[in-house]
Every structure is written in C-alpha cells, then in structure tokens.
Amino acid sequence: MLALLRRPGLTRAAIRFWTGGVVGLSHRILGLRLREEGLENKHLGSPCIYVCNHQSTWETLAFNQLVPDVCIVAKQELRKIPVFGWFLSHAPMILIDRKGGGRAMAAMISEARQEVALGRSILIFPEGTRIGVHEQRKFQPGLIALYRKLNLPMVPVVHNAGCFWGKGAKSGGTIIVSYFPPIPPGLPAAEVMERVEQLLNTEKSRLVPAEI
C-alpha cells in the first residue's frame, strides 16, 4: 500500500483492475450484461463533464471502465469505508463535504480544474445521492457550478442499473447506458439545468419497466 501511495498511477491502475473484476464477475455470476447506446456522444477525445443519474453503486464502479481516467465527484463520507476509502482518497476523485456550503463548492471547482488540466473528464451525479428507479429529486447546484467554471461541454448519461443492482439484491439482466449529445459550454445556467434535469428524468423513466 505504501508503494501505491508513492505512485498515484499505481493506485489508479489498482482501482481500474478491481472495478473491472467486479463488473466482470457480475456478468459471469449474475448474468448482468451491459449495452451502451449513443457511443458517438461519448466524447472520449477531450475532457468534458459527464452528468449521470445515480441509482446504485454499479455506476460508480463501472464508470472507471466506461470512461478511462474519469474523475468522479462523490460524497466525503466514502472516506470512512475501510481500505476502499483509502483508495478513493488517493485516486482521481473529488470528495466533497455536502454540508460545507460555499467553501465545499469552491474546493470542488478548484480540484476539478486541476483534474481537467491533467486531461481528465469529470463525472457528477446531480441528484446528490442514490435514489429509487422511479424517484425524482431536485438537482444540486454543483452541476451548474462545474459547467460555468470549467467551460467544458456537458454529456448527459442515463442508465437503469438500479433495476438490477439494488442496495439489498442483485440480479441478471441488461444494464443500458445511454450517452446523449453534448451540451456546449456558455449557455444560460437556468436553461442548462432545466434541459439536463428534464432529459435525465424522462430517459430514466423510459429505461425502467413500470412493474419494477
């Protein structure tokens, strides 16, 4: 572990190896498959802001495979998880204090700028926490703060992982991850927030069967 601490690149490689193993085993043991849609919008050529709905831990793990070297914005409480929390603290992640107000927002922007300068994209879950597959929640302002300050295109992403990877149970099936056309930088904040919130809520409802 000390070797990983001295070489952050090894930490990142270890995280990708571990998350890849989890995703691979879920396919072999559970029969959990993955289908990506809208790959032409994935925007892998340069940094962007990915904005994604949050239904389970699956997307936090899987995005390390779906978007190489992505930097994920997550809650600071994850540091408390034994071993895993250590890796998060030394990986390209932005761990924020959700009760920190303006100071936490400023720190998030500062760290995000550093990661973008290294060529990394940023992933944020605007709902702020995991919610049920049929639940909707007002988006957090950190989404627009990143959009305005980083001046990057924003790629909306919608998935239905919560249908198969819940808090207490996991099952087989096909997780669909859909990437939508990038929203260019510089648009009015209120317009972008409304557009993204409507898109994510509409599309996730489309991907979730009514009987679940």
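## Salt bridges

Asp 69, Glu 115 and Arg 120 are joined in a network of salt bridges, a salt bridge being a side-chain nitrogen of Lys or Arg within 4 Å of a carboxyl oxygen of Asp or Glu. This is a predicted model, in which local features need pLDDT of at least 70 and side-chain atom pairs count only at pLDDT 80 or more, while totals for chains, interfaces and linings use all residues. Residues are numbered from 1 along each chain as its sequence is written, and side-chain values use heavy atoms, with hydrogens and water left out.

The whole structure has 7 salt bridges. One of them pairs Glu 36 with Lys 42 at 2.8 Å, N to O. Lys 42 counts as buried because its relative accessibility is 9% (buried means under 20% relative accessible area, exposed over 50%, partly exposed in between, with a 1.4 Å probe and protein chains only). Glu 36, at 26%, is partly exposed. Glu 37 and Arg 35 form a salt bridge at 3.2 Å, N to O; Glu 37 is partly exposed at 25%, and Arg 35 is partly exposed at 41%. Arg 137 and Glu 135 meet in a salt bridge at 3.5 Å, N to O. Arg 137 is partly exposed, with 34% relative accessibility, and Glu 135 is partly exposed, with 33%.

## Overall fold

The chain has 7 helices and 7 strands, where helices (H or I, at least four residues) and strands (E, at least two) are DSSP runs numbered from the N terminus. Their order from the N terminus is α-α-β-β-α-β-α-β-α-β-α-β-β-α. Of the 212 residues of the chain, 46% are buried.

Contact means heavy atoms within 4.5 Å. Among contacts in the chain between residues at least 6 apart in sequence, 73% join residues at least 24 apart. The chain exposes about 10,700 Å², of which carbon and sulfur atoms supply 57%; accessible areas come from the Shrake-Rupley method with a 1.4 Å probe, and for residues only the protein chains shown count as cover.

## Nonpolar cores

A nonpolar core is a set of buried Ala, Val, Leu, Ile, Met, Phe, Trp, Tyr and Cys residues joined through side-chain atoms within 4.5 Å. The largest one has 29 residues, and those with the most contacts inside it are Ile 122, Leu 143, Leu 146, Leu 150, Met 154 and Val 196. Two or more residues each come from strand 2 (49–52), strand 3 (71–75), helix 5 (101–117), strand 5 (122–124), helix 6 (142–150), strand 6 and helix 7 (189–207). Helix 6 gives the largest share of this core, 6 residues. A second, separate core has 28 residues, including Ala 62, Met 93, Leu 95 and Ala 161.

Leaving out residues up to four places away in sequence, Leu 146 touches Ile 49, Val 73, Met 108, Ile 109, Ala 112, Ile 122, Ile 124 and Asn 151.

His 159 is in strand 6 (residues 154–159) and counts as buried because its relative accessibility is 1%. A polar atom of the His 159 side chain lies 2.8 Å from the backbone oxygen of Asn 53, and the side chain of His 159 also reaches the backbone nitrogen of Ala 161 at 3.0 Å. Beyond four places in sequence, the contacts of His 159 include Cys 52, His 54, Glu 59, Ile 176 and Lys 204.

Asn 160 lies in the loop between strand 6 and strand 7 (173–179) and is buried at 3% relative accessible area. The Asn 160 side chain reaches the backbone oxygen of Leu 207 at 3.4 Å. Apart from neighbours within four places in sequence, Asn 160 is in contact with Gln 55, Thr 174, Ile 175, Ile 176, Leu 207 and Val 208.

## Positive phi angles

Most residues other than glycine have a negative phi. Asp 69, in the loop between helix 3 (58–66) and strand 3, has a positive phi near 65°. Asp 69 is partly exposed, at 27% relative accessible area. Asn 151 also has a positive phi, about 55°, although it is not a glycine. Asn 151 lies in the loop between helix 6 and strand 6 and counts as exposed because its relative accessibility is 52%.

Methods: A polar contact is a pair of N or O atoms within 3.5 Å; within protein, one must be able to donate a hydrogen and the other to accept it, and residues adjacent in sequence count only if both atoms are side-chain atoms.
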